[in-house]
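Work through these exercises with the model open. Try each task before you read its solution.

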Amino acid sequence: MPAAALLRQRSRTLIAAATVPLALAALLADDVRVRRQRDAARRDPLTGLPGRDALMARAGRLARTHREQLHVLVADADGLKAVNDTLGHAAGDVLIAAIGHRLGAWAAAHGGLAARLGGDEFGVVLLLPPARTGRELAGLRALLEQPADVGGQTVSPAVSIGTARAADLPDTTEPARLLRGADMAMYRVKTRDKEPGYLAIRHDAYAPSVHGRRPGRPGTHLWGRAV
């Protein structure tokens, strides 16, 4: 083969070889961009937190590997209606966002995941040594109830927290049961049936619900029969 032709062939080979990694890099970058867009679309626009599905997925994985330390929390802001009625719904949104941001930062600092379940209700899944549960819950409640600037006014939110600890529910394997237990524990604290720091028992995890939510919560009447 003439030297000139050989040189041209080698040049084309080098160009083709260089083009392949560039194409792969472009595909990888596009895949990352699509996944980031999908992740952003799944997040709550007000708080930036993921939703219930992400919480359940994380709880399911941890239930298989770290059951002894697995905790599921439900936190609910008390008195949001009063804020909406007196300061307006925009102010209520500011308060929800403040609570969500605090909860998200706290969960991340503890290696956990926070999610917005709907309205003024949030969930957290994380690992904690059982001996630290009471202290950590008290610290979280104090954090969430710190004053917030809402529409130029200082509002001190009240927050009810319920916790389901997987180690306390030996026959409860489904993440949805843990969330149900935490939700019922939160409701018992909220109605002052139990003191703050109450941990769910088996009865709470198996309380009747409609798609994992307590009967009577907004929207549950749309989902049919309680189970």
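Helix axes are lines fitted to C-alpha atoms over the stretch in contact, and angles run from 0 to 180 degrees between N-to-C directions. The model used here is predicted.

**Exercise 1.** Find how the axes of helix α3 and helix α4 cross, and classify the angle.

Solution. 
- Step 1: locate the helices. Helix α3 covers residues 80–87, and helix α4 covers residues 89–109.
- Step 2: take the axes. They come within 6 Å and cross at roughly 140°.
- Step 3: classify. Angles over 145 degrees count as roughly antiparallel, and those from 65 to 115 as roughly perpendicular; the rest above that range are oblique. Therefore α3 is oblique to α4.
- Step 4: list the contacts. From α3 come Leu80, Val83, Asn84 and Leu87; from α4 come His89, Ala91, Gly92, Leu95 and Ile96.
- Step 5: sort by class. The contact of α3 with α4 holds 6 nonpolar residues, 3 polar ones and no charged ones.

**Exercise 2.** Describe how helix α2 packs with helix α6.

Solution. 
- Step 1: locate the pair. Helix α2 spans residues 52–65, and helix α6 spans residues 175–190.
- Step 2: read the geometry. The angle is about 115°, and the axes are 9 Å apart. So α2 is roughly perpendicular to α6.
- Step 3: The crossing of α2 and α6 is right-handed.
- Step 4: name the partners. Arg52, Leu55, Met56, Ala59 and Gly60 in α2 meet Pro175, Ala176 and Leu179 in α6.
- Step 5: sort them. By class, the contact of α2 with α6 has 6 nonpolar residues, 1 polar and 1 charged.

**Exercise 3.** Is Glu136 buried or exposed? Find its surroundings too.

Solution. 
- Step 1: Glu136 lies in helix α5, residues 133–144.
- Step 2: apply the cut-off. Buried means under 20% relative accessible area. Glu136 has 14% relative accessibility, so Glu136 counts as buried.
- Step 3: find the neighbours. Leaving out residues up to four places away in sequence, Glu136 touches Trp106, His110 and Leu128.
- Step 4: look at the side chains. Those of Glu136 and His110 are joined by a polar contact of 2.9 Å.

**Exercise 4.** Which residues does Arg188 touch, not counting residues up to four places away in sequence?

Solution. 
- Step 1: Arg188 is in helix α6.
- Step 2: check burial. The relative accessible area of Arg188 is 18%, so Arg188 is buried.
- Step 3: list the contacts. Arg188 touches Asp193, Lys194, Tyr198, His203 and Asp204, with residues up to four places away in sequence left out.
- Step 4: Arg188 and Ile161 are 27 residues apart along the chain, and their C-alpha atoms are separated by 9.4 Å.

Technical notes. Residues are numbered from 1 along each chain as its sequence is written. This is a predicted model: local features need pLDDT of at least 70, side-chain atom pairs count only at pLDDT 80 or more; totals for chains, interfaces and linings use all residues. Side-chain values use heavy atoms; hydrogens and water are left out. Helices (H or I, at least four residues) and strands (E, at least two) are DSSP runs, numbered from the N terminus. Buried means under 20% relative accessible area, exposed over 50%, partly exposed in between (1.4 Å probe, protein chains only). A polar contact is a pair of N or O atoms within 3.5 Å; within protein, one must be able to donate a hydrogen and the other to accept it, and residues adjacent in sequence count only if both atoms are side-chain atoms. Contact means heavy atoms within 4.5 Å. Angles under 35 degrees count as roughly parallel, over 145 as roughly antiparallel, 65 to 115 as roughly perpendicular and the rest as oblique. Ala, Val, Leu, Ile, Met, Phe, Trp, Tyr, Cys and Pro count as nonpolar, Asp, Glu, Lys and Arg as charged, and the others, Gly among them, as polar. A crossing is left-handed if the near helix is turned anticlockwise from the far one by less than a right angle, and right-handed if clockwise.
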